[in-house]
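Visitor: Hi, could you walk me through this one? I'd like to start with the pockets.

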Amino acid sequence: MVSITDSSKQKARILAGAYGHKLERPVVYTQGVALTARLQLAELDNGYPDPRPEIEAITAQYVDNRDAVFDTSDGTANYAGVNWASLLADDTRYRSLLIATADRFMERDEDGFSSVLDRDFRVEDMFFAGTVLQRTSQLTGDGSYVELAGEFVLECADRLLQPNGLYWHCLSSPYFWGRGNGFAALGFAETLVGYRGAKRDQLIERHVEHLDGLKSFQDAEAGMWRQVVDVTDSYTEHSSTSMIGISIALGIKHGWLSKGDWGDVLTNTWRGASEGINDKGHVTRVCVGTGPLENLDEYLIRESVTGLDDRGGAMALWFAVEMMNYGF
């Protein structure tokens with residue numbers, strides 16, 4: 001029987017061959033996450049060639065002129081596309097880019113709300129803010145960055161987390177979108193990685209409340225979550241499954257989840273995700289880009305991609321790398 005470490009390393013190498021080799025304009029998280037995961041893979045796998053020279057070449061145009069990385073129309077999905085800079089921050093250009101990006105989240109309106117976060121409380125922002133802000137806090141030692149992330153994800157929980165333990169997509173779209181729940185879970189997990197403030201216990205409590213809800217909706221046979229989490233005939237969806245899996249793996253690694261309670265859930269999640277990755281790095285059933293939709297049917301009929309897909313492939317690569325960590 002192939003061990004978790006061996007299976008995740010095999011899948012990670014396959015996925016790293018297909019993703020994380022470009023960062024096009026506009027910079028966006030779907031490609032940026034894959035760069036981050038390739039750098040993490042190299043830290044864990046001595047047999048994987050160091051990707052840093054290639055990634056430095058890919059990102060040179062952005063770090064050499066960091067003021068020109070984003071256009072005025074860009075938003076939080078674009079800002080999250082530079083989380084790889086945290087792993088290259090021994091170079092001051094990367095450090096400066098990450099801090100400048102985090103500072104965009106820190107700008108406040110007159111009422112104190114972040115100028116770039118969506119006042120409709122879209123769950124995407126939970127991840128987009130959390131991944132940049134916690135990395136910046138850890139890099140700089142300035143806790144105010146991750147404090148903002150903690151403040152935002154808790155307010156999202158208050159407004160969007162429902163009695164069944166699932167998140168609405170946003171206030172104007174009260175539907176339990178699969179990748180939306182992945183964004184919420186991963187936003188909390190990324191925030192908790194770097195959060196050391198007074199509300200840490202509260203963050204863990206709300207995060208586990210969500211994960212407990214998700215656990216009850218996991219398809220036990222497939223090991224996956226669905227495009228609409230609470231609709232049993234909705235298709236199983238790969239990106240949401242990977243994101244929830246990453247969140248659980250991070251929780252076990254960092255200690256706010258116990259292996260006894262969550263280990264079997266995680267291994268079943270990995271089984272489901274890994275079965276949807278072929279030897280070319282193609283992934284199975286990834287929901288296409290989805291803003292807030294007007295009714296449940298629009299979520300149910302939302303198209304999915306099977307094949308090479310940056311959304312699904314990047315998160316699957318990150319999940320594989322976290323499972324390598326878990327396997328050790």
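Visitor: How much space lies in the second largest pocket?

Guide: About 210 Å³. Keep in mind that this is a predicted model.

Visitor: Thanks! Which residues lie nearest its centre?

Guide: Tyr 29, Ala 77, Phe 128, Gly 289 and Arg 311, out of 14 residues in the lining of the second largest pocket. By class, that lining has six nonpolar, four polar and four charged residues. At least two lining residues come from each of α2, α6 and α8.

Visitor: And the largest pocket, how much space lies there?

Guide: The largest pocket holds about 330 Å³. Its lining counts 17 residues, with Gln 40, Leu 87, Arg 135, Gln 138 and Val 193 nearest the centre. Two or more lining residues come from each of α2 (29-44), α6 (124-140), α8 (178-194), α10 (238-254) and α13 (310-327).

Visitor: Which element gives the largest share of that lining?

Guide: That would be α13, with four residues.

Visitor: What share of the residues count as buried?

Guide: 58% of the 328 residues. As for the surface, the chain exposes about 12,800 Å², with 45% of that supplied by carbon and sulfur atoms.

Conventions
Residues numbered from 1 in each chain as written. Predicted model: local features only at pLDDT ≥ 70, side-chain atom pairs only at ≥ 80, totals over all residues. Heavy atoms only, no water. 1 Å grid on protein atoms, 1.4 Å probe; cavity = no way out; pocket = protein on both sides within 12 Å on 5 of 7 lines; lining within 4 Å. Points joined across faces, edges and corners; volume = space filled by probe spheres on them. Nonpolar A, V, L, I, M, F, W, Y, C, P; charged D, E, K, R; others polar. Buried < 20%, exposed > 50% of the residue type's maximum accessible area, 1.4 Å probe, protein only. Areas by Shrake-Rupley, 256 points an atom, 1.4 Å probe, with all protein chains shown as cover.
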